[in-house]
There are 2 protein chains.
Amino acid sequence: MKTIKVYPLPTPLETEGLVVLVDILRATSTIVAALAEDAQLVKPVTSVEEALLYREKGYLIAGERGGLPPEGFDLGNSPREAYKMARAKVVLTTTNGTRALGFVKKAKAICAGSFLNLRAVASFARRFEEVLILCAGTEGELSLEDFLFAGKLALVLEEYVSQNDAAIVARKYAGHVEDISKEIFASHHARKLIKLGLEEDVAFCAQENIYDVVPILTPEGFVSLKGVAEE
Amino acid sequence: MKTIKVYPLPTPLETEGLVVLVDILRATSTIVAALAEDAQLVKPVTSVEEALLYREKGYLIAGERGGLPPEGFDLGNSPREAYKMARAKVVLTTTNGTRALGFVKKAKAICAGSFLNLRAVASFARRFEEVLILCAGTEGELSLEDFLFAGKLALVLEEYVSQNDAAIVARKYAGHVEDISKEIFASHHARKLIKLGLEEDVAFCAQENIYDVVPILTPEGFVSLKGVAEE
């Protein structure tokens with residue numbers, strides 16, 4: 001039996017299957033866009049200090065605190081700047097998304113999911129018997145946009161049985177959201193980004209299936225698995 | 001502006017308003033039923049050992065671990081046994097519900113909510129500008145039945161603005177659940193109780209508005225506020 005579980009907030013996880021990391025606004029959207037724009041890899045780290053150590057190794061330093069790039073960074077956490085990451089090795093630190101990775105205690109594979117590559121992630125996920133969708137949330141609270149993605153992915157993976165209550169709730173919730181962009185714009189996190197002048201980032205992250213890359217976590221960082229959707 | 005927030009899992013909370021504690025299966029349903037059946041008070045405690053200390057004070061000892069009453073207890077955690085609590089002082093310890101109370105750092109009032117007294121809770125909640133709905137969850141995971149109650153209560157309190165994403169999601173989810181009992185029976189916790197032979201408890205907890213008491217937390221425990229719905 002193929003099974004799916006949804007975690008609305010970071011929780012210690014173990015699985016023999018796949019973990020899909022979700023931080024729609026904006027970490028996983030940026031990772032997906034970066035690899036789609038031919039970044040070599042995206043290395044997630046938890047602290048600003050650690051990120052800055054990668055400069056002498058020739059990495060581009062990207063990320064945010066409070067939504068904006070910390071001092072000394074080359075780039076923020078915007079998927080619209082991903083074209084600047086072409087051919088680069090990138091180190092990325094964000095408030096919620098990179099932190100959530102620390103909760104994965106065991107998995108056969110970890111990939112990054114976003115609306116931008118939803119269909120590709122679904123195709124990749126079908127290689128696994130168990131799929132866990134780990135939502136980063138925002139500062140310890142459920143994020144609508146992450147939970148909505150979890151539900152939409154679970155709906156595409158229709159042959160997977162809901163194995164926890166959050167999967168049941170996410171599927172039902174997402175099944176009644178027709179306009180993804182409108183729903184995301186109502187979220188707490190979107191409104192915060194809009195106040196920072198980042199409305200176009202929100203609109204960008206709400207696009208569906210514009211990339212077919214699946215970022216897979218390796219010891220060096222996320223690297224691209226391409227063409228999965230065509231399998 | 002009147003506002004409402006939903007917490008799908010126990011999280012440290014502070015408010016100048018009301019916290020509605022929710023553990024549908026079964027702690028808050030049992031507390032509501034106990035006070036409706038004229039228990040003097042229901043004192044929530046976190047440990048089995050602490051509960052047993054109340055025997056010499058003349059309390060009835062009630063609660064569960066793994067769904068069943070621990071050794072030496074007078075009663076389990078069943079709202080169907082509430083009639084046995086008439087006129088008694090009751091001490092109650094449960095796995096999730098009583099533990100969740102520890103997360104409330106500050107509140108003007110704390111009450112217990114369940115489907116059994118949903119309308120009464122809504123009437124009482126309208127005395128407060130801010131309403132926080134705290135779901136106990138089940139062993140660290142979102143519980144469908146708690147989140148569904150949160151959404152249904154938020155829908156009744158239609159003049160309250162959703163102040164976090166979980167409130168938006170809970171309202172939309174609950175708005176598309178017509179058969180509350182059927183939905184609850186699909187939950188992880190319900191299936192566990194059914195395996196323990198407690199199917200009738202699940203059915204009992206899924207009843208709507210059969211009581212008009214609102215359990216209010218005082219230093220002595222939850223006591224009854226009656227007739228709120230008629231205000």
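In which sense do strand S5 (residues 60-63) of chain A and S6(A) pair, and over how many bridges? In this predicted model, the two strands run in the parallel sense and are joined over 4 bridges.

**Strand S6 of chain A**

Strand S6 of chain A spans residues 89-93 and is mostly covered, with 4 of its 5 residues buried. Strand S4 (residues 41-44) of chain A also pairs with S6(A) in the parallel sense, over 4 bridges. Leu92(A) illustrates both pairings: Pro44(A) has Leu92(A) as its bridge partner in S6(A), and Ala62(A) stands opposite Leu92(A).

**The interface of chain A and chain B**

The contact draws 21 residues from chain A and 21 residues from chain B. Between them the two chains bury about 2,000 Å², and 62% of this area is on carbon and sulfur atoms. Polar interactions are present as well: 9 residue pairs are in polar contact between chain A and chain B. On the side of chain A that touches chain B, the elements giving two or more residues are helix H5 (144-156) and helix H6 (165-175) of chain A. The largest share of that side, 6 residues, comes from H6(A). By residue type, the side of chain A that touches chain B divides into 11 nonpolar, 5 polar and 5 charged residues.

Salt bridges across this interface number 2. Glu183(A) forms a salt bridge with Lys172(B). Ser143(A) also reaches the partner chain: leaving aside neighbours within four places in sequence, Ser143(A) is in contact with Gly137(A), Thr138(A) and Asp165(B). Ser143(A) is placed in the loop between strand S9 (130-135) and H5 of chain A. Because its relative accessible area is 2%, under the 20% limit, Ser143(A) counts as buried.

**Salt bridges**

Side chains of opposite charge can pair when their charged atoms come close. Over all chains the count comes to 18 salt bridges; the table lists some of them.

| Pair | Closest N to O distance |
|---|---|
| Glu183(A) and Lys172(B) | 3.0 Å |
| Lys106(A) and Glu16(A) | 2.8 Å |
| Asp201(A) and Arg26(A) | 2.7 Å |

Lys106(A) and Glu16(A) are joined by a salt bridge. Lys106(A) lies in strand S7 (residues 104-106) and Glu16(A) in the loop between strand S2 (13-14) and strand S3 (18-22) of chain A, so the pair ties together parts that are 90 residues apart in sequence. Lys106(A) is partly exposed at 40% relative accessibility, and Glu16(A) is exposed at 56%.

Asp201(A) and Arg26(A) also meet in a salt bridge. This pair links helix H9 (residues 199-205) of chain A, which holds Asp201(A), to the loop between S3 and helix H1 (27-36), which holds Arg26(A), 175 residues apart. Asp201(A) is buried at 0% relative accessible area, and Arg26(A) is buried at 3%. Both residues belong to a network of salt bridges that links Arg26(A), Arg80(A), Glu200(A) and Asp201(A).

In chain B, Asp201(B) is buried at 0% relative accessibility, and Arg26(B) is buried at 3%.

**Glu64 of chain B**

Glu64(B) lies in the loop between strand S5 (60-63) and strand S6 (89-93) of chain B. Glu64(B) is buried, with a relative accessible area of 8%. Not counting residues up to four places away in sequence, Glu64(B) touches several residues, including Arg26(B), Asn77(B) and Thr94(B). A polar atom of the Glu64(B) side chain lies 3.3 Å from the backbone nitrogen of Gly66(B).

Notes. Residues are numbered from 1 along each chain as its sequence is written. Chains are lettered from A and ligands numbered from 1 in the order in which they are written. This is a predicted model: local features need pLDDT of at least 70, side-chain atom pairs count only at pLDDT 80 or more; totals for chains, interfaces and linings use all residues. Side-chain values use heavy atoms; hydrogens and water are left out. Contact means heavy atoms within 4.5 Å. Buried area is the accessible area (1.4 Å probe) that two parts lose on being put together, summed over both. A salt bridge is a side-chain nitrogen of Lys or Arg within 4 Å of a carboxyl oxygen of Asp or Glu. A polar contact is a pair of N or O atoms within 3.5 Å; within protein, one must be able to donate a hydrogen and the other to accept it, and residues adjacent in sequence count only if both atoms are side-chain atoms. Ala, Val, Leu, Ile, Met, Phe, Trp, Tyr, Cys and Pro count as nonpolar, Asp, Glu, Lys and Arg as charged, and the others, Gly among them, as polar. Buried means under 20% relative accessible area, exposed over 50%, partly exposed in between (1.4 Å probe, protein chains only). Two strands pair if DSSP finds at least two bridges between them.
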